[in-house]
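Please look over the structure below before reading on.

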Amino acid sequence: MNSFEPKVVSVPHGLIPQGAEKYFEHLQVFQEMMMRYNCAILEVQTKLQVLNNDMSVRYSRNPIAFIKTRIKSPQSIAEKLQRRGLEISEHSMLENLNDVAGVRVICSFIDDIYEIAEMLARQSDIKVLQIKDYIKNPKDNGYRSYHMIIEIPVFFSDKTMDMRVEIQIRTIAMDFWASLEHELKYKKDIDWSKEIGEELKICAETINQTDRKMMAIRNHIDEHKNEN
Ligand code: 0O2
């Protein structure tokens, strides 16, 4: 007999994020907002899982390899607001920042990235506010990724709020590159950072070529499968 297993799906909300008291005056409000951003992440994550399940069952494909999520730390939020000359407050965060809630989608192939992005953008409850295609237009340092800022309605107990979420979609190889490059960013003091930057740029190009070759091979295999 089938039975329902007790399972509470909750988001981390019990504690006020560490360091928040240094930057934010109304801690209760800050905590509530973090809970709301966490819920927005859950909504987006579920949508992505639905797309992956659908593709998996109907087309025997898993475009998403894995998903990572993060909430910006109080310190990063405060620093970003300060850098832009904006007031550091809960209201200012909600008004001005697009990336407090972040979802990173890691795909195996480049064309999966665009497919996932399109499928999300087509959903009637998602509003796409901004797209930055660093795959078509890589950054000077070699960074590649597809960024979307979206707004999604989240239904709370007493109201519905449109919450902004930053979605970064990239291949496994692009993610591997970005993680290493991110480390270098925080180690500017090492005197060979310029050389490493150059090396990383070369790696980014190699990765791009490999990503494209892998995609061509996969498409070739798919065509062969369809013919048979
Ligand atoms: P964290 O800790 O990763 O969140 P905006 O957010 O649009 O107001 P920005 O910075 O112009 O401002 O946005 P952009 O270019 O879309 O970049 C946002 C995020 O993309 C960054 O977040 C990084 O996660 C990632 N990113 C962008 N450029 C690079 C890069 O050159 N190298 C790496 N490794 N990651 C990059 P944060 O806020 O910088 O940090």
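The points that follow go from the overall layout to single residues.

This is a predicted model, in which local features need pLDDT of at least 70, side-chain atom pairs count only at pLDDT 80 or more, and totals for chains, interfaces and linings use all residues. Residues are numbered from 1 along each chain as its sequence is written, and side-chain values use heavy atoms, with hydrogens and water left out. The chain holds seven helices and five strands. Of its 228 residues, 40% count as buried.

**Overall layout**

- Helices (H or I, at least four residues) and strands (E, at least two) are DSSP runs, numbered from the N terminus.
- Read from the N terminus, the order of elements is α-α-β-α-α-β-α-β-β-β-α-α.
- The C-alpha trace spans about 65 × 60 × 30 Å along its principal axes.
- Asn 219 and Leu 27 are 192 residues apart in sequence, and their C-alpha atoms are 52 Å apart in space.
- Asn 219 belongs to helix 7. This residue is partly exposed, because its relative accessibility is 27%.

**Nonpolar core**

- A nonpolar core is a set of buried Ala, Val, Leu, Ile, Met, Phe, Trp, Tyr and Cys residues joined through side-chain atoms within 4.5 Å.
- The largest such core has 45 residues, and Ile 77, Met 93, Val 165, Ile 167 and Ile 169 have the most contacts inside it.
- Two or more residues of this core come from each of helix 2 (27-59), helix 3, strand 2 (101-107), helix 5 (110-121), strand 4 (146-155) and strand 5 (160-171).
- Helix 2 gives the most to this core, with eleven residues.
- In soluble globular proteins, nonpolar side chains tend to be buried together.

**Salt bridges**

- A salt bridge is a side-chain nitrogen of Lys or Arg within 4 Å of a carboxyl oxygen of Asp or Glu.
- The count by this rule is 15 salt bridges.
- Arg 36 pairs with Glu 32 in a salt bridge, and their closest N and O atoms are 2.7 Å apart.
- Both Arg 36 and Glu 32 lie in helix 2, four residues apart, or about one turn of the helix.
- Arg 36 counts as buried because its relative accessible area is 7%. Glu 32 has 35%, so Glu 32 is partly exposed.
- Arg 218 forms a salt bridge with Asp 111, with the closest N and O atoms 2.8 Å apart.
- That pair links distant parts of the chain: Arg 218 is in helix 7 and Asp 111 is in helix 5, 107 residues apart.
- Arg 218 is buried, with a relative accessible area of 13%. Asp 111 is partly exposed, at 25% relative accessibility.
- Glu 205 and Arg 144 also form a salt bridge, their closest N and O atoms being 3.3 Å apart.
- Glu 205 sits in helix 7 and Arg 144 in the loop between strand 3 (127-133) and strand 4, so this pair ties together parts 61 residues apart in sequence.
- Glu 205 is partly exposed at 37% relative accessibility, while Arg 144 is buried at 9%.
- Shared partners join Arg 61, Asp 111, Asp 112, Glu 115, Arg 218 and Asp 222 into one network of salt bridges.

**Surface patches**

- Patches are made of residues with over 30% relative accessible area and no salt bridge; like charges are joined within 9 Å, and nonpolar side chains (Val, Leu, Ile, Met, Phe, Trp, Tyr) within 5 Å.
- Accessible areas come from the Shrake-Rupley method with a 1.4 Å probe, and for residues only the protein chains shown count as cover.
- Lys and Arg count as positive and Asp and Glu as negative, while His and the chain ends are not counted.
- A charge is placed at NZ of Lys, CZ of Arg, CG of Asp or CD of Glu.
- Arg 83, Arg 84, Lys 132 and Lys 139 gather in a surface patch of positive charge.
- Arg 84 lies in the loop between helix 3 (74-83) and helix 4 (90-96). Arg 84 is partly exposed because its relative accessibility is 48%.
- Met 214, Ile 217 and Ile 221 make a nonpolar surface patch of about 290 Å². Ile 217 is in helix 7 (residues 193-227).

**A positive phi**

- Ser 60 has a phi near 50°, a positive value in a residue other than glycine.
- Most residues other than glycine have a negative phi.
- Ser 60 is in the loop between helix 2 and strand 1 (64-71). At 64% relative accessibility, Ser 60 counts as exposed.

How values were computed
Buried means under 20% relative accessible area, exposed over 50%, partly exposed in between (1.4 Å probe, protein chains only).
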